[in-house]
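Here are my notes on this structure, written for someone opening it for the first time. Please keep the sequence and the 3D view side by side while you read.

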Amino acid sequence: MSSRSPVAAASVAAPYAQRRRPVGRRLRRALAPYGLLLPASAVIAAVLAYPLYYLVRLSFQHYGLFQLVRHKGVAIGTANYAQIFHDSLFWHTLVRTVAVTAVCVVLTVVLATLIALLLVELSSWVRLLLTAGLIFVWATPVVVAISIWSWMIDFEFGVANWTLTKLGVGNFNHHDWFANPWSGWGVIISLIVWGAIPFVAITLFAGLTQVSSELLEAAAIDGASRWRAFRDITLPLLKPIYVIVISLSIIWDFQVFNQIWLITNGTPSPDYYMMAVYSYVTSFKISEYGLGSAIAVVMVAIMGLISVFYVRQMVKLGDVE
Amino acid sequence: MKARIFAAVALAAALSVVVSTASGGNKSAGKASASSITVWLMSDAQAGWPAAVANATNQFQSQHPGVDVNVQYQSWDSVLQKFDASIAAGDTPDVIELGNSQTAKYMAAGAFQAIQPKNYPNSSTWLAGLKQSCTYGGKTYCVPYYAGARAVIYRKDLYRSVGFRSPPKTYAKFLAVNSKLMKKYGKNSNFSAFYEPGQNWYVAMSFVADYGGQIATNKGGKWKGTLNSPQGIQALTAFKSMVLKFSRASKTNDEAHPFPSIPFAKSRAASFIGNGWEWPYVFNPKGGAAPASFAKKMGAYPMPSHIKGRFLPTFLGGSDVGIPSQSHNKSLAADWIKAYTGTASETLIAKAGNVPNTTKLLGVNAKIPALAPFAKAANYSWFVPIAANWVNVENANILKTMCTNILTNRKSVAKATADASASITKILNAKS
């Protein structure tokens, strides 16, 4: 992208064009923004719109391995949707997905806020150290991070069980974190939240540095507690940032796949299904691509609703400014 | 300035067209020249018998100088998804190895090119079990590669220390030696007398077969999951009690996470059920890295059945190699398969601890004392239901989940088997 704005460029170019072809100039001027949008639109259409169209089309077809080999599905109307809406596994998975997303987002935002507030208070070199730690977590590729976690909590040779036993927390030798889905989900949620905190914490910290210290001092002089000052001054000022990070966190956590898939060695039992895993298993493990697409379409629809809320909030915030 | 912007837009648009045509062009050019073929083998070959692969490629290249053989090793967890993706993209490998319980679905869908067995080496003496897994609708779609029977690999020295100079010949003796081992060494909470990863469903199903049960039955074209039959419940109850007493392996992982050879090599296990190739794998850096002297302490025996004089039926697992119907180099692929499944390579495969694809070479294993028990174990065997959709039962982890539910007491044996049977009935009867 050129750093010069198109408007500026056009006004510089104007005197030459005016002398030669006034009509063409106006036409070109009207079309220029669309011309500039064209490459980006083409890319979005190719990588987003077409796959989405294809996904929706697949969801109305019977498309198994037989059809895959021939590259041609059989249209069956809404039968795939009828099947998933009558499947108790689908509803369990949907409820679980919403619950896990809610827990992850709340934990991420609360912990990240605490870390951001801590960062403001710290001396500069400790702040540097903590920020570096956060950046390292953020910079770790997710697949690598999951491998490290799965080694740490390994049943046979894991360091987590060894450490907990040595610390006298209890006998964690041969403790199987996934034998009980509650503890299994505890591990998975920790892993997701751990990976999500750095972005949110650093973003919130950036926001906090913009909160005028005079306001907080004035509040303190008037006898407001730290909590009161945070609630009535910091939080309203940071609202735009919270809207962004919460919306993005919901979108990210709703579609979690890697953490579950890799930490269960690609063999999650239905207790560990989220929507993305359920859709993947149906499509790629059982070769019911049409059915899997229908699940994915439902997921996209739910995400679409969340995005509408997000975009509306963004537009509102834009209006205020 | 403005002209420059338009030029940039036009250039970008033109470039995108050029890029798309260029990539399209590359692809077709690569296919036409056929200077290489792509072979997908499971990583077992890489770990266990790389010499057989090298031998086949050498033989192939002396026949076709200048043609590269690109062998890509796959893992069992993900090979089918990758294969499906390559089918969707119209860019399949030229040769692919599949497990003998995976082939039916792909043959039924037309993913394999039919072959003429008489054009392949030793086809008149192919193992019957493997040949059956390559046959669909009267046609042959793949070439038998190797089979494997499972036996108990054990520590002779530990057995001797509790008074067993020879391996147990009855199930009662099997239970006795393991009880003694647990009493003597079980205070170390890492120790298992018999290391059985909870999701190693092949062993659980061996018990089912031993008690006369079946995974599913077919009546008039309709499949029905039958693990919740009285025999199935009895078998899995016996399995559960045995595993909970003697094994401290994870109940939520399978026999590849970790490979049992690792705790075995580290003296955390006195025995485990494994394939022939898992014996040498104990010494592999990835499989436990035991020192060479460890071999003197190792032995193997066929697992005894609860019925006197018999062995616990072993899963007759194996692999086949075939040519995907979308391959662009079918005749080259056929030549590589001929080299790989010919006598020279199969001899190397057999020496690595496998049952070779031809009865002509069965003597190779019988002469190696370490491998003889595996050959003996194969006298009693079972196989998965011959249904086009069977592999979907494996892929959906129905049996692994059932084993975990039983061994962690999350569900009773009756409830877990009933749930699994319902899923199996549903999957096997789904139209493809």
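**Notes on chains A and B**

1. Start with the layout of chain A. Chain A splits into domain 1 (6-54) and domain 2 (88-320). These bounds come from an automatic or database domain assignment. The centres of domain 1 of chain A and domain 2 of chain A lie 40 Å apart, taken over C-alpha atoms.

2. A word on conventions. This is a predicted model, in which local features need pLDDT of at least 70 and side-chain atom pairs count only at pLDDT 80 or more, while totals for chains, interfaces and linings use all residues. Residues are numbered from 1 along each chain as its sequence is written, and chains are lettered from A and ligands numbered from 1 in the order in which they are written.

3. Next, the overall form of chain A. Chain A holds 14 helices and two strands. Helices (H or I, at least four residues) and strands (E, at least two) are DSSP runs, numbered from the N terminus. The C-alpha trace of chain A spans about 85 × 75 × 30 Å along its principal axes. The radius of gyration of chain A is 26 Å, whereas a compact globule of 321 residues would have one near 20 Å. That radius is taken over C-alpha atoms, and the globule rule is 2.2 Å times the number of residues to the power 0.38.

4. Of its 321 residues, 26% count as buried. A residue is buried if 20 or more other C-beta atoms lie within 10 Å of its own, exposed if 12 or fewer, and partly exposed in between; C-beta atoms are placed from the backbone. Two residues are in contact if their C-beta atoms, placed from the backbone, lie within 7 Å. Among contacts in chain A between residues at least 6 apart in sequence, 65% join residues at least 24 apart.

5. Look at A:H174. This residue sits in the loop between α8 (159-166) and α9 (181-208) of chain A. A:H174 has 16 other C-beta atoms within 10 Å, so it is partly exposed. Leaving out residues up to four places away in sequence, A:H174 touches A:F155, B:S189 and B:R248. A:H174 and A:N161 are 13 residues apart in sequence and 7.2 Å apart in space, C-alpha to C-alpha.

6. Now chain B. Both of its domains are built from two stretches: domain 1 from 37-148 + 317-366, and domain 2 from 150-315 + 377-429. Their centres are 28 Å apart over C-alpha atoms. In the contact between them, 16 residues of domain 1 of chain B meet 20 residues of domain 2 of chain B. On the domain 1 side, α2 (43-48) and α5 (103-108) of chain B each supply at least two residues. The residues of that side divide into six nonpolar, eight polar and two charged. Here Ala, Val, Leu, Ile, Met, Phe, Trp, Tyr, Cys and Pro count as nonpolar, Asp, Glu, Lys and Arg as charged, and the others, Gly among them, as polar.

7. Chain B has an open sheet of six strands. The order is β2-β1-β3-β13-β6-β14, with mixed pairing. Two strands pair if DSSP finds at least two bridges between them. At the edges stand β2 (68-74) and β14 (355-356) of chain B, each pairing on one side only. Strand β1 (residues 36-42) of chain B runs parallel to β2(B), joined by seven bridges. One bridge there links B:I37 with B:V69. Strand β6 (residues 142-148) of chain B is antiparallel to β13 (residues 317-322), with six bridges. B:P144 stands opposite B:D320 in β13(B).

8. Another open sheet of chain B has three strands. They follow the order β10-β7-β11, and the pairing is antiparallel. Each of β10 (271-275) and β11 (298-301) of chain B has a single partner strand, so one side of each is left without a neighbour in the sheet. Strand β7 (residues 150-155) of chain B pairs with β10(B) over five bridges. B:A151 stands opposite B:G274 in β10(B).

9. Finally, check some backbone details. A cis peptide bond joins B:H257 and B:P258, with omega about -5°. A:H71 is not a glycine, yet its phi is positive, about 55°. A:H71 counts as exposed, with 12 C-beta neighbours inside 10 Å.
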